Amino acid sequence: MASNGLKIAIVGGGLAGLAAALKVAEAGHEVDLISVVPVKRSHSVCAQGGINGAVNTKGEGDSPWKHFDDTVYGGDFLANQPPVQKMCEMAPQIIYLFDRMGVPFSRTREGLLDFRRFGGTLHHRTAFAGASTGQQLLYALDEQVRRFETEGKVNKYEGWEMLSLVLDDHQVCRGLVAMNLQTLELKAFYADAVIMATGGPGMIFGKSTNSMTCTGSAVSAAYQQGAKYANGEFIQVHPTSIPGEDKLRLMSESARGEGGRVWVPRNPGDNRNPKDIPETERRYFLEEKYPAYGNLVPRDIATREIFQVCLEGSGVGGENQVYLDLTHIDAGTLTRKLGAILEIYEMFVGDDPRHVPMRIFPGVHYSMGGLWVDFEQRTNIPGLFAAGECDYSIHGANRLGANSLVSCVYGGFVAAPSAIEYAKNVERKNTETNGIHAAELRRQQEINSQIIKNEGSENQYKIHDEMGKWMTDNVTVVRYNDRLKATDEKLVELQDRFKRISINDSNLWATQALPHARQLWNMLQLARVITLGALNRDESRGAHYKPDFPDRNDEDFLKTTIAEWSAEAPVLSYEAVEVGLIEPRKRDYTKGKAKAAVTNDSTAEKGGAAQIQQPGSELKPQGREETWVKEGRKIQEGESFKELNDKERERGEQ
Amino acid sequence: MSNSNEFKEKKRLTNPPQTVDIKIQRRDKLGENAYWETFTIPYRRNLNVISVLMDIRKTPVTKEGKQTTPPVWDMSCLEQVCGICTMVINGRVRQSCSALIDDLLVSDGGNTITLEPMSKFPNVRDLKVDRTRMFEHLKQVNAWIELDGTHDLGPGPTMSQETAQERYAYSRCMTCGCCLEACPQYHDDNYIGPQAIAQARYQNMHPTGKITIDERLEGLTQEDGITNCGNAQNCIQVCPMGIPLTRAIYETNRDITVNALFGWLRK
Ligand SMILES: Cc1cc2nc3c(=O)[nH]c(=O)nc-3n(C[C@H](O)[C@H](O)[C@H](O)COP(=O)(O)OP(=O)(O)OC[C@H]3O[C@@H](n4cnc5c(N)ncnc54)[C@H](O)[C@@H]3O)c2cc1C
Ligand code: SF4
Ligand code: SF4
Ligand code: FES
């Protein structure tokens, strides 16, 4: 079928996986595309804000170099710089390519691509399609890949879950084993090279803003087979998400920008209706602690404070939630200014935020860490490549808004030619016939049989809940070494208890119990990588914050954490970061004396009727935002960030 | 979502029940007989259908106290944007992740909620269905733009914001299948259905896509094509993304007529 007989297996059909598939198919080679969900339903659909690229259509003097600088700075200098630079240079081409594919990007009067200003930058650099950019980008790639599917160049295996890699005696990757989620049939896929594009691991934290498929399970399997996992401890947490029984959904920060006040009942046990709690019995903890900034403290501070209050047990109803209150503002005004985002809250919570204070809590959002790759997206296992959120390469210690989508496509576009080049040159010998595939298949079959056979008293979903709670409480926003240690011990205990689960489903047809059990085991492994990486890193950098070590420590920790699996515990080592292009400078945000660093992500409103803002547009970097204000060349003397944004919005609404 | 300017006070559940019964249509395997099981869960605020199913899955015991198998359903985004979790809830087809228990109790009364799989697709197990055919339909109408290649060729054609917005509306289709479930003409995959027609229209509206409009229309003039539509307009009423389906059907019919005319003239 393929012109010269190369076969590349791609695991994952999100933005990164589809980008890679497209490039491989276009080069005339055959692709096996394996995905848990139909690729069009991948987690990438959730991204709303947009995609970054310094196209400089607004005559602001933006350039790929500035995009590069923003990204490296935003990532607190932990990213190796060469691939970041390459990505920023490719970004405008990526956006143009999507434009040619027919993505309905927002337009200017001249009919050109429109760009919005996003968090962490001073430039209009973010292309967007309404308030659902990820969905549109994913669909565009899905359409192109479908075209190659009809030509027979792409074979889709949707509803298949990768369980492990097939490695030969020399630790060279020769394919993978996957499970059909309907029949539980296992199949060994022979491949000259494998590209992993399986997305983030949010489910390790139980609930996150991620999709339910974001388990990190496949990546963990590769890690357990010898792939290096880098910077696992860097987990981005978004300050305001809507806690749900099932997941956390993003709540735009513009709610605070429009005057929303954050509070909890002064008496933690106070279960009265919020409206009945008088002013004096409310604790506006942000306003109390930061009188100057109030509720408009930068995102990372807000995240930490909200988190801390709940950890102390002062959250509303003793739970992980605080009030974000807009009810003091006129309902009509709210509707006019924040209508779209309020409707999201209404849709998923059922309360009208115009009359009932919203309940919010920070939510795990993104993993900067992932499989270690070199500048050609090669992992340390020959024949195994990685791209997208599952690799660690671009975002350092902290990701900027709208930078993920572009990094996914970039990763896929680099991984594909890199894998082809490798596949052309690798010696195949007798790998197709020497039985390594059958052996790996048998090994996986045995693991499945063992899990099915188990009759223990443990409940896997409860173990998952416990893991999620421990990880969320101790390994997210604020980290203490004693708690990290305790968490690791807990994880070891949960791993032990895992061995005594019974899957509780006597009907194996299309069962979700066995796949979940496999995922859970892998999540427990990766959870230790995240926890121990955090424990070992005695500094604060980007998303990683330790009150006992509040400063960045370049001398000891301007290094990539590398975890390698061992039966005992992850083995950690450190690798120097390539910082040759932009010299690390301090992210000094104390001097930023601007009044507010609030975001404005209600720009999505400006698009008119068709562009309805969906849950959770995310727009600002997780990092220290005062710096943007401080360096805000466009902010006039005496003008706050908020005012600037207000003006912009007014302009947009005309 | 409705117009954000009209303000409506929501009807609330004033007297919530202690427990809610969840009645689920179950099927052990494709092709086997369906049966019903009811589960009772303690009422809490802010439950949605997915969180209720998660509860049941943890300890699958029926209302009568019988240990049973955990119900199987599909879910992913939980934000009503991936389309995977679609099912029939209290008789209406919709996404289960955005179906709030409170709302269902208010609108339908009683304290039982009924869950069934969509009826127009192969029922894999319990609430899980196989919608592969919807993706096949997209192949039939060439629902893509023909690119010369992915190498750098600069930006695409210029376009007005109005056209971009019109296309944006179509681009939001998440292949959920609600429209097919509701369409009286669609059964046994006899008809390509409104979703694929709308996606063809989406591409036909694009300046580059327009170049290959003939191929797309050809996919719609086969036996299972657009003429099967009886104009019942059920589809547009159930579409959660507000895709302008009837307009797509109307405009595509118009394109086909024009095309037929030109085809005849060309001969
Ligand atoms: C609410 C939200 C909003 C966001 N908004 C933005 C934004 O505005 N801009 C931005 O740049 N970024 C945004 N992000 C981040 C961005 O969406 C993700 O980082 C990105 O989509 C990841 O894409 P991916 O291709 O790496 O993986 P995914 O899209 O997660 O795809 C993973 C794929 O792998 C498959 N898979 C997983 N495990 C297996 C397995 N074991 N076997 C087989 N297949 C498997 C899945 O089926 C899926 O196809 C947002 C994230 C969230 C949660
Ligand atoms: S208009 Fe009616 S017949 Fe036509 S597709 Fe819609 S529901 Fe079906
Ligand atoms: S047109 Fe609407 S109802 Fe039909 S599949 Fe698309 S989103 Fe679902
Ligand atoms: S889970 Fe994606 S639409 Fe409901």
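This is a predicted model: local features need pLDDT of at least 70, side-chain atom pairs count only at pLDDT 80 or more; totals for chains, interfaces and linings use all residues.
Q: Nice. Which residues are closest to ligand 3?
A: Of the 14 residues that surround ligand 3, the closest are B:Cys173, B:Cys176, B:Gly177, B:Cys179 and B:Cys239.

Q: And ligand 1, how many residues surround that?
A: There are 38 around ligand 1, and the closest are A:Ser42, A:Ser44, A:Glu389, A:Ser404 and A:Leu405.

Q: Which polar backbone atom is 2.9 Å from an oxygen atom of ligand 1?
A: That one belongs to A:Ala16. A backbone N or O atom of A:Asn403 also lies 3.5 Å from a ligand 1 oxygen. On the nitrogen side, a polar side-chain atom of A:Arg399 is 3.4 Å from a nitrogen atom of ligand 1.

Q: Switching topic: what area do chain B and chain A bury between them?
A: About 7,400 Å², with 51% of it on carbon and sulfur atoms. The contact involves 86 residues of chain B and 80 of chain A.

Q: How many salt bridges does the rule find across that interface?
A: Seven. One pairs B:Arg125 with A:Asp505, where the closest N and O atoms are 3.0 Å apart. The rule also finds 39 residue pairs in polar contact across the interface.

Q: Last one: how many residues are in the largest nonpolar core?
A: That core has 259 residues, and B:Leu115 is one of those with the most contacts inside it. Beyond its neighbours within four places in sequence, B:Leu115 touches residues including B:Trp36, B:Met87 and B:Leu127.

Note on methods
Residues are numbered from 1 along each chain as its sequence is written. Chains are lettered from A and ligands numbered from 1 in the order in which they are written. Side-chain values use heavy atoms; hydrogens and water are left out. A residue is near a molecule or strand if one of its heavy atoms lies within 4 Å of it. A nonpolar core is a set of buried Ala, Val, Leu, Ile, Met, Phe, Trp, Tyr and Cys residues joined through side-chain atoms within 4.5 Å. Buried means under 20% relative accessible area, exposed over 50%, partly exposed in between (1.4 Å probe, protein chains only). Contact means heavy atoms within 4.5 Å. Buried area is the accessible area (1.4 Å probe) that two parts lose on being put together, summed over both. A salt bridge is a side-chain nitrogen of Lys or Arg within 4 Å of a carboxyl oxygen of Asp or Glu. A polar contact is a pair of N or O atoms within 3.5 Å; within protein, one must be able to donate a hydrogen and the other to accept it, and residues adjacent in sequence count only if both atoms are side-chain atoms.
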